[in-house]
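Keep the sequence and the structure in view while reading.

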Amino acid sequence: MRADLPTPVILDPRFKALIVGHAKLEHLGTGYRWSEGPAYFPAGRYLIWSDIPNNRMMRFDETDGSVSVFRHPSNNSNGNTVDAQGRLVTCEHLTRRVTRTEHNGSVTVLADRFEGKRFNSPNDVVVKSDGSIWFSDPTYGIDSDYEGIRAEPEIDGSYVYRLDPATGALTLVIPDRVKPNGLAFSPDERILYVADTGNTHVPGLPATIHAYPVAANGQTLGAPTHFATCPEGHFDGFRLDREGNIWTSGGRSVLCYAPDGTHIGTIPVGEIVGNVCFGGIRKNRLFICGQTSLYSLYVKTNGA
Ligand code: MG
């Protein structure tokens with residue numbers, strides 16, 4: 001395991017308050033082709049994530065530090081999250097669908113098409129407190145045979161959808177991004193933040209996070225405002241802490257943004273970062289999916 005890991009860079013006093021002074025970035029496992037979609041299960045004290053090109057999901061056991069294969073084949077799974085009942089919700093590239101793994105281990109397909117057309121390749125997913133499931137659907141899983149199977153899109157764009165699993169109702173909630181990717185709600189669920197990684201397809205397009213106000217009905221979104229532009233590479237996936245700070249991948253680092261959009265700190269990782277999530281039973285351990293490795297850093301805040 002790497003012992004030469006860099007330490008966080010404090011750009012603003014607000015970040016210093018979030019960092020444990022002597023806590024080190026920890027290198028927990030390696031040997032993956034492209035890691036994304038970390039999701040922490042407090043009941044079992046383990047982290048699940050996706051190694052997309054290797055068509056497998058991995059599990060880090062926090063009780064003994066071991067890493068093992070959780071699911072193979074995984075249908076080139078990407079984003080994962082945990083719903084309010086503690087069930088795993090997964091985006092799958094190969095099968096172009098969103099699934100839920102039930103407590104008995106069976107897999108339920110929640111959605112695989114919109115208005116009769118297959119999704120592109122669901123990428124990232126969050127569950128709101130009302131049980132609704134919000135997910136992005138860019139084309140990375142059908143652009144080539146590396147993270148799925150190459151195919152022509154059936155839908156005329158890359159959108160974000162809201163699914164009500166109780167009724168099966170599926171609505172298109174974000175039509176105005178190029179390649180919507182990571183997404184997460186603010187702690188009070190009044191804002192949905194969405195990353196756009198469209199610079200992978202449109203040269204010169206800024207890599208951004210936009211903030212969409214959630215309507216009073218909790219189900220639709222208002223006009224977005226620009227939140228941040230990535231200084232290197234793009235934002236892929238992110239999570240918020242209890243104070244509403246955004247901890248996001250950004251090139252070869254994790255970047256922290258205050259709710260006002262100020263970049264307040266950087267955690268250099270040394271390889272491209274895909275996604276992050278808060279874990280540990282107190283949600284004060286930031287898990288980081290680097291391209292080839294899993295890392296963590298204990299912090300002085302807690303996941304939202
Ligand atoms: Mg992603």
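R45 is found in the loop between strand 3 (35-41) and strand 4 (46-51). Strands here are DSSP runs of E with at least two residues, helices are runs of H or I with at least four residues, and both are numbered from the N terminus. The model is predicted, so local features need pLDDT of at least 70 and side-chain atom pairs count only at pLDDT 80 or more, while totals for chains, interfaces and linings use all residues. Residues are numbered from 1 along each chain as its sequence is written, and side-chain values use heavy atoms, with hydrogens and water left out.

Phi of R45 is near 55 degrees, which is a positive value in a residue other than glycine. R45 has a relative accessibility of 33% and counts as partly exposed. The classes are buried (under 20% relative accessible area), exposed (over 50%) and partly exposed (in between), found with a 1.4 Å probe and protein chains only.

K283 is not a glycine either, and its phi is positive, at about 55 degrees. K283 sits in the loop between strand 25 (273-279) and strand 26 (285-290). With a relative accessible area of 39%, K283 is partly exposed.

P73 lies between strand 6 (67-71) and strand 7 (77-82).

## The magnesium site

Which residues supply the protein donors of the magnesium ion? They are E36 (OE), N123 (OD1), N181 (OD1) and D236 (OD), at 2.2 to 2.5 Å from the ion. Donors are N, O and S atoms within 2.8 Å of the metal (3.2 Å for Na, K and Ca); water is not among the atoms, so sites may look incomplete. Along the sequence, the spacing of the donor residues is E-x86-N-x57-N-x54-D. N123 is in the loop between strand 12 (117-118) and strand 13 (125-127), and D236 is in the loop between strand 20 (225-229) and strand 21 (238-240), so this pair ties together parts that are 113 residues apart in sequence. N123 is buried at 2% relative accessible area, and D236 is buried at 6%.

A contact means heavy atoms within 4.5 Å.

I209 belongs to strand 19 (residues 208-213) and is buried, with a relative accessible area of 0%. Leaving aside neighbours within four places in sequence, I209 is in contact with residues including Y193, V194, A195, A228 and F238.

G182 is part of strand 17 (residues 180-185). Its relative accessibility is 0%, which counts as buried. With neighbours within four places in sequence left aside, the contacts of G182 are D124, Y193, V194, A195, D236, G237 and F238. One of these, D236, is also a donor of the magnesium ion.

L192 lies in strand 18 (residues 191-196) and is likewise buried at 0%. Beyond its neighbours within four places in sequence, L192 touches several residues, among them W134, I174, L183, H210 and L221.

The table gives one C-alpha to C-alpha distance for each of these residues.

| Pair | Separation in sequence | C-alpha to C-alpha distance |
|---|---|---|
| I209 and A228 | 19 residues | 5.3 Å |
| G182 and V194 | 12 residues | 5.8 Å |
| L192 and P213 | 21 residues | 6.4 Å |

## The whole chain

How many helices and strands does the protein have? There is one helix, and there are 27 strands. The radius of gyration is 18 Å, close to the 19 Å that the globule rule gives for 304 residues, so the protein is as compact as a globular protein of that length. This radius is taken over C-alpha atoms, and the globule rule is 2.2 Å times the number of residues to the power 0.38. The C-alpha trace spans about 55 × 40 × 40 Å along its principal axes.

Of the 304 residues, 57% count as buried. Among contacts between residues at least 6 apart in sequence, 47% join residues at least 24 apart.
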